[in-house]
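Dear colleague,

Please find the structure below, handed over for your study. My findings follow after it.

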Amino acid sequence: MASYFDEHDCEPTNPDEQYRQNALLELARSLMQGVDIDLGPDDFSEWDQRLPPPAAKEIVQNLPRAVITPAQADKGLKCPVCLLEFEEEETVRKMPCEHLFHSGCILPWLGKTNSCPLCRHEMPTENKEYEEFKKDKERRKQQDHRLENLHGAMYT
Ligand SMILES: [Zn+2]
Ligand SMILES: [Zn+2]
């Protein structure tokens, strides 16, 4: 008899992560339908639990454009927000993570928060407190890393 894991090892991602991603996409979709999203109180100490602030305007304005190739159109490539298939030669916006969206779908979203609704890739923001929070998080990660290296050097 096949084990649970044998039967399920074709799962692309774990269900939790999938749920988080879907939740973000849900938010992006409700925004497209004109629903105003409440991003919670302006309490900067809890960035971990909140959507990050909007992407920097300059970055959003300069978000690269891409033209859908016949191969992409043939594959039925869709905009992850509105789920409409892209048409050949349609001009779309390309996020740094390479995900493609309609301008009308991704631009309002980036005016709310800085991450890709599909993979959570983050763009720089104009919010100093958030950028500090991010730097601080990065510093702590590096410190942990250094400690691990030090530990490794001492005990191997
Ligand atoms: Zn779209
Ligand atoms: Zn992405």
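The notes below treat the metal site and then a pocket.

This is a predicted model, in which local features need pLDDT of at least 70 and side-chain atom pairs count only at pLDDT 80 or more, while totals for chains, interfaces and linings use all residues. Residues are numbered from 1 along each chain as its sequence is written, chains are lettered from A and ligands numbered from 1 in the order in which they are written, and side-chain values use heavy atoms, with hydrogens and water left out.

The zinc ion (ligand 1) is coordinated by Cys79 (SG), Cys82 (SG), His102 (ND1) and Cys105 (SG), at 2.1 to 2.3 Å; donors are N, O and S atoms within 2.8 Å of the metal (3.2 Å for Na, K and Ca), and sites may look incomplete because water is not among the atoms. The angles subtended by the 4 donor atoms are 96 to 120 degrees, so the arrangement is tetrahedral (four donors, all angles between 85 and 135 degrees). Cys79 is buried, at 0% relative accessibility, and His102 is also buried, at 14% (buried means under 20% relative accessible area, with a 1.4 Å probe and protein chains only).

The largest pocket is lined by 15 residues, with Asp48, Glu122, Tyr130, Phe133 and Lys137 nearest its centre. A pocket is an open set of points on a 1 Å grid over the protein atoms alone, where a 1.4 Å probe fits, with protein on both sides within 12 Å along at least five of seven lines; lining residues have an atom within 4 Å of a point. The largest pocket lies between domain 1 (8-125) and domain 2 (127-156), because both give residues to its lining; the domain bounds come from an automatic or database assignment.

Yours sincerely

Conventions
Tetrahedral: all angles 85-135°; square planar, octahedral: opposite > 155°, others 65-115°. Buried < 20%, exposed > 50% of the residue type's maximum accessible area, 1.4 Å probe, protein only.
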